[in-house]
Amino acid sequence: GSTAAWLLKMGGRDVVLFEAEDYLGGHAYTHQTAVDDDGTRDVDMGFIFGKAGGYADLCLLMTAYGIERVESSLQLCSTDGEEGERRFCNFKPEALPASSSARWQKEIARFIELAQASWSRGRLLGILIPFGIWLRMHGFDDEFLECILQPTLSLLFVTKLGVRQQPTAAVLDYFATNPPPHNGWIFLRKKEEGKQPVWRIKGGSRVLYGALRQAIGPERILFNTRVTKVVSRVDGQLEVMAGGTNLGIFSEVIMATHADTSLQLLDQARIHPLSRWLLSQVDYTSVQVHLHSDETFLPSNERWRALYNLRFITGSDGTRRMEMSGRIQQLFGYGGTAPELLLTVGNLSALSPPIYKSFVWAHHTFDLWQVVLMRAMLPWVNGCGRVHLAGSWTVDTGHNSAVQAGTRAACAAGLRPAASHQASERERHAFEMLLRLHCNK
């Protein structure tokens, strides 16, 4: 939504942005926590890191405003059970159980090589094959998936269906890049050339969205405004409502919302019947996220404490759940001063205060079925009735997909191909590059 509004403003359109929350960015939220007399600690709770060499569209917006990226880390350790029996640490080879260490090292190397080879051969077949089948085809057992891959992938995305049913290409993208030897998101083996696989935004995501807010114009953004309905009028215009209040009449509306939210808001809008059906096919899973200082969520043995700590717990009924606790204070450069800020993801049964902030994030399931629907069918009907669907789910998953979706929607809504004369040179460059990459597609 922020991207679409920014592009429309730069492209000479009169735009109003309705934001349900009191901040821009949605999942990209930075919390300012006052925990002592030394001031605040600003840490992200949603978009925490980006792939080195990736997120090209998001980086265009950051470059437009001189926003810096800082190298970060994916240092990970997973443990099993309440007692914290170690399973896998990607920064300590000795953390692998001695009985299987040599085998795991060989399997990790083989997996990386196959991931790179499969990526280089093309993506079409990888999109059509579920990852679980690909693993079986190449002789990887369930133990490798559970002990090595699952903890690693849990850092990157949440899926209701699980890793096995994801398109193979979507999973391998996290491990393979072109050209070699850099191994995508994850260095399952040692770091190469001393480089980190990911970066974070210096100062947090709020720095980027603060810049976009100023560029769009604070007076054009209505915070704490929860739209409840979009109604098609007989003259072809669209009326935006909040409860019984008319917020305005518009020639085009961009819906940068979850699919289920869009379906509800468009109940009285004249959109294509196929659009309604497509919206109903997007599924979501929710996860709790808490910013706190309860160190019992870290491994009891400090030797195995990483920046990201995953704990797999088996309940009395035999079901397994995962908790991930990130040492978010250290990730954002505040050192180890007490009390240490931790970010824990998972449906927790107990958490000791203080709890500084909590969210329930909803992630859409991007399985093979949705890939086909969103890429092959949605483009034919998106924009009918002057309503443009623009959530990240229309493209893929993640924040870069959200920028792409916003760009496509802004282009479809109509804007000048040249940025406003008031834009800076860097703003014009970002504007032109985004249009060149994603319009007319």
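The crossing of helices α1 and α13 is right-handed, meaning the near helix is turned clockwise from the far one by less than a right angle. The contact involves T3, A4, L7 and L8 on α1, and V403, G406, T407, A410 and A413 on α13; contact here is heavy atoms within 4.5 Å. Those residues split into six nonpolar, three polar and no charged (Ala, Val, Leu, Ile, Met, Phe, Trp, Tyr, Cys and Pro count as nonpolar, Asp, Glu, Lys and Arg as charged, and the others, Gly among them, as polar).

Keep in mind that this is a predicted model, where local features need pLDDT of at least 70, side-chain atom pairs count only at pLDDT 80 or more, and totals for chains, interfaces and linings use all residues. Residues are numbered from 1 along each chain as its sequence is written, and side-chain values use heavy atoms, with hydrogens and water left out.

The axes of α1 and α13 come within 7 Å and cross at roughly 40° (axes are lines fitted to C-alpha atoms, for helices over the stretch in contact, with angles from 0 to 180 degrees between N-to-C directions). The two helices are therefore oblique to each other, the class left after under 35 degrees (roughly parallel), over 145 (roughly antiparallel) and 65 to 115 (roughly perpendicular).

Now for the sheet: it's open, with three strands in the order β4-β8-β5 and antiparallel pairing. Strands pair if DSSP finds at least two bridges between them.

| Strand | Residues |
|---|---|
| β4 | 50–51 |
| β5 | 69–72 |
| β8 | 198–201 |

Helices (H or I, at least four residues) and strands (E, at least two) are DSSP runs, numbered from the N terminus. β4 and β5 stand at the edges with a single partner strand each, so one side of each has no neighbour in the sheet. Four bridges join β5 to β8, and R69 stands opposite I201 in β8. Helix α2 (residues 56–64) packs on the sheet, touching β5 and β8, and its direction makes about 40° with that of β8.
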